[in-house]
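Please look through the sequence and the model before reading on. The report below moves from the chain as a whole to a few of its parts.

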Amino acid sequence: MAGRDLRALFSSNDRGMTTAEAFTNRQVQWELVAAALAEHLAHVAAPGFDVEDLEAPRNNVMVFHGIGGIGKTTLSRKLEAALAGAEHRPAQWGEPTWNGRIRPVRIDLSRSAGGDFEHLVLTIRAALAGIGRPLPAFDLALRRYWEHQHPGEPLEEYLQRGGLAARFGKAMPQQMQSALADVAQTLLLPGTVGTAVGQVTGSLVRALRERRQTVRALAGCTRLADLLEAEPDIDALSYYPHLLSWELAQLPAGKKVTPVILLDTFEDAGDRTHRDLERLIQRFVWLMPNCFFVITGRSRLQWAEPALQGQLDYTGPTAWPGLAATSRPGALPRGRGVLPGAGPVRGRQVLVGDFAPEDCDDYLARRLEADGTPLIPEPVRDVITRRSHGLPLYLDLSVMRFLELRRTGRAPGPADFEYDYTALIARTLADLTPDERHVLRSVSPGRLRRGPRHPDRRPHPPRGRPAADRAALRQRERLRPVAVLPPRPHPLHHPRCRRPHRRPLDPHRLAAGRRTGLRSARNPVGRRIRP
């Protein structure tokens with residue numbers, strides 16, 4: 001599968017050059033996702049599965065982790081496209097083996113995307129609007145939260161401003177309003193009262209507590225009344241996915257759908273000390289056991305570590321058996337290219353590795369083409385492959401350097417790519433923690449370890465130079481222009497008077513001056529002031 005590479009397309013005037021976003025090598029990752037998803041669908045379809053079971057272990061998470069620039073975001077996008085339809089699936093990936101409707105939703109958690117937990121919940125609900133029917137329990141709770149947290153702001157405007165309406169359509173607000181009207185009609189509320197979500201939720205909670213037959217359709221959700229009575233804040237919103245999971249389980253056979261939620265750039269969801277957003281996301285994952293999650297980030301998920309108890313709600317290898325490290329002492333992790341055997345997929349944390357040399361050559365050959373032949377010659381591809389060590393970001397930077405050198409009018413040669421990219425170093429440093437960056441600076445050469453020179457500090461003339469050069473350097477430093485600021489007027493001087501005002505001294509300030517001996521306007525030399 002390949003798409004148009006607009007950055008390369010606008011880097012040259014050669015209209016005969018064909019640019020494509022080549023994608024290669026990730027067949028093993030696709031097979032792991034396909035096997036884990038098939039196992040998840042079989043588990044959800046089993047007779048003993050219950051979405052309201054809050055104590056059963058969760059095995060609905062797949063994690064791909066690796067360094068920056070290794071291709072995790074590209075893999076996440078290709079997985080979303082492959083799960084959406086067969087026409088977007090690479091030919092080498094093959095047909096999936098599962099049966100059932102899949103609805104993939106990819107969410108970028110990076111800081112540049114500006115998303116938060118509220119945006120995550122609304123994105124998933126907007127994606128499920130394609131089912132074509134309301135989800136009353138979840139829609140009622142979400143509508144109550146929105147009117148409490150965003151009074152006077154219509155949900156439709158937020159969806160249009162955030163791009164969700166253009167991405168998933170405008171059916172979500174209509175479905176939520178339809179759910180509110182249906183519940184009001186079931187409770188026999190007047191039309192004017194039925195439009196107020198507060199009146200509807202209050203009446204619904206009373207009906208659920210009294211176990212009326214008119215609300216028996218929603219009575220099956222045992223925790224609905226408790227969630228509607230809770231304060232509608234961000235903490236309560238993190239428990240609403242339980243209602244969404246219950247509504248998905250109540251869909252008829254013809255409407256059954258399994259959401260596959262792809263969370264990209266998970267490292268921006270928090271760090272090892274600030275896990276507020278990560279705690280909300282983990283609660284979301286735990287309360288939706290009938291959904292499958294594919295998480296991509298720079299580090300492994302630590303949810304299976306018991307040491308995080310107290311920072312996260314659900315921790316330990318019992319809660320997340322697929323995320324736990326091997327318990328066998330001295331055991332080695334499974335290789336990246338090894339698929340599981342006939343049994344279920346055990347390890348759900350997969351390291352995204354670098355490209356093999358043949359994959360690098362295939363990527364460079366298909367990235368730029370002219371009349372069906374590779375634009376980058378084979379000797380240049382060999383040098384780039386050798387120096388890249390299989391890192392996709394290095395390959396992409398080399399392609400842009402090839403186009404930059406080609407604009408000068410000469411054919412780039414192999415010697416032009418014996419080159420180190422500053423962008424690659426910056427991307428690598430971004431993956432390090434502050435302590436790791438400090439260690440790296442301490443072992444770096446002196447010119448990298450020193451900080452910036454103070455602007456007022458004059459450099460000493462080098463002793464190895466002749467006296468005339470040192471004198472010229474001193475003269476140049478002496479003639480350097482210096483910004484002279486006007487003297488700041490004393491705060492006790494009036495602008496129209498030459499003498500300061502005679503103000504009575506505060507005894508508290510005098511006592512503080514005696515204790516500390518600080519200089520002040522009336523005591524400029526710091527002498528002790530006697531009472």
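A residue is called buried when its relative accessible area is under 20%, exposed when that area is over 50%, and partly exposed in between. With this in mind, helix α15, which spans residues 276-286, can be described as mostly covered, since eight of its 11 residues are buried.

## The chain as a whole

The model shown here is a predicted one. The secondary structure of the protein chain comes to 23 helices and eight strands, and buried residues make up 41% of its 531 residues.

Among the contacts between residues at least 6 apart in sequence, 70% join residues that are at least 24 apart.

## An open sheet of five strands

In what order do the strands of the open sheet lie? The order is β3-β4-β5-β2-β6, and the pairing is parallel. The edge strands, each of which pairs on one side only, are β3 (102-108) and β6 (349-351). On average, and with direction ignored, neighbouring strands of this sheet are turned by 15 degrees against each other. In general, the strands of a sheet pair through backbone hydrogen bonds, and the pairing may be either parallel or antiparallel.

Strand β5 has pairing partners that can be followed residue by residue. Five bridges join β5 to strand β2 (residues 61-65), and these two strands run parallel; along this pairing, Val63 stands opposite Ile295 of β5, while His65 stands opposite Gly297 of β5. Strand β4 (residues 258-264) is joined to β5 by four bridges, again in a parallel arrangement, and here Leu262 has Val294 of β5 as its bridge partner.

Why can strand β5 be described as largely enclosed by the rest of the structure? The reason is that six of the six residues in this strand, residues 292-297, are buried. Phe292, Val294 and Thr296 point one way from β5, whereas Phe293, Ile295 and Gly297 point the other way, and the residues of both groups are buried.

## Helix α15 under cover

Which residues of helix α15 are buried? They are Glu278, Leu280, Ile281, Gln282, Arg283, Phe284, Val285 and Trp286. The elements that cover these buried residues include the strands β2, β4 and β5, together with the helices α4 (117-127), α13 (234-237) and α14 (241-249).

Tyr158 has its place in helix α6, which covers residues 155-161. Is this residue buried or exposed? Tyr158 has a relative accessibility of 15%, and it therefore counts as buried, because the cut-off for a buried residue is under 20%. When residues up to four places away in sequence are not counted, Tyr158 touches Glu118, His119, Leu122, Trp146 and Glu153. One of these, His119, lies 39 residues from Tyr158 along the chain, and the C-alpha atoms of the two are separated by 9.9 Å.

Leu440 has its place in helix α20, made of residues 434-442. With a relative accessible area of 36%, Leu440 is partly exposed, because this value falls between the limits of 20% and 50%. Together with Val439 and Val443, Leu440 makes a nonpolar surface patch of about 270 Å².

Terms used: Residues numbered from 1 in each chain as written. Predicted model: local features only at pLDDT ≥ 70, side-chain atom pairs only at ≥ 80, totals over all residues. Heavy atoms only, no water. Buried < 20%, exposed > 50% of the residue type's maximum accessible area, 1.4 Å probe, protein only. Pairing = 2+ DSSP bridges. Contact = heavy atoms within 4.5 Å. Patch = residues over 30% accessible without salt bridge, like charges linked within 9 Å, V, L, I, M, F, W, Y side chains within 5 Å. Areas by Shrake-Rupley, 256 points an atom, 1.4 Å probe, with all protein chains shown as cover. Salt bridge = Lys/Arg side-chain N within 4 Å of Asp/Glu carboxyl O. Axes fitted to C-alpha atoms, helices over the stretch in contact; angles between N-to-C directions.
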